Amino acid sequence: MRAKAMIGERFGRLLVVAESDGCFNGKGRHLRTFLCLCDCGVEKVVRGADLLRAHALSCGCLHRER
């Protein structure tokens, strides 16, 4: 999914607000990251791959509630 297409999309409790600067993994590969707003009001930077694979569904509030 293209970065601009992800802005405004909802993944679980996370709403993608903007593309972030990104980060690098241990092998020097650039990873695309996004600034997300959780339903509880917390902002969190999340890797795009984690959003697409449903590995990130909230800022952590969902885990604490369970």
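Author: **The hairpin and its sheet**

Two residues separate S1 and S2, and the two strands form a hairpin. Gly12 sits in the turn, with a positive phi of about 65°. Strands here are DSSP runs (E, at least two residues) and helices are too (H or I, at least four), numbered from the N terminus. The model is predicted, so local features need pLDDT of at least 70 and side-chain atom pairs pLDDT 80 or more, while totals for chains, interfaces and linings use all residues. Residues are numbered from 1 along each chain as its sequence is written, and side-chain values use heavy atoms, without hydrogens or water.

S1 covers residues 10–11 and pairs with S2 in the antiparallel sense. Two bridges hold that pairing (DSSP must find at least two for strands to pair). Phe11 stands opposite Leu14 in S2.

Now go across S2. S2 and S5 run antiparallel, joined by five bridges. Two of the residue pairs can be named. Leu15 has Leu37 in S5 as its bridge partner. Ala18 stands opposite Leu35, also in S5.

Put together, the sheet is open and has four strands. Its order is S1-S2-S5-S6, with antiparallel pairing. S1 and S6 (43–47) stand at the edges. Each has a single partner strand, so one side of each is left without a neighbour in the sheet.

What packs around these strands? The largest nonpolar core has twelve residues: buried Ala, Val, Leu, Ile, Met, Phe, Trp, Tyr or Cys, joined through side-chain atoms within 4.5 Å. Its members are Met6, Phe11, Leu14, Val16, Phe34, Cys36, Cys38, Val46, Leu51, Ala56, Cys59 and Cys61. S5 supplies the largest share, with three.

Met6 has a relative accessible area of 2%, so Met6 is buried (under 20%; exposed is over 50%, partly exposed in between; 1.4 Å probe, protein chains only). Met6 and Val16 are ten residues apart in sequence. In space, their C-alpha atoms are 6.6 Å apart.

Beyond its neighbours within four places in sequence, Cys61 is in contact (heavy atoms within 4.5 Å) with Arg13, Cys38 and Cys40.

One backbone detail remains. Ala54 is not a glycine, yet it has a positive phi of about 65°. Gly12 in the hairpin turn also has a positive phi of about 65°. Where does Ala54 lie? Ala54 is placed in the loop between H2 and H3, and H3 spans 61–65. Is Ala54 buried or partly exposed? Its relative accessibility is 46%, so Ala54 counts as partly exposed. Met6, by contrast, is buried at 2%.
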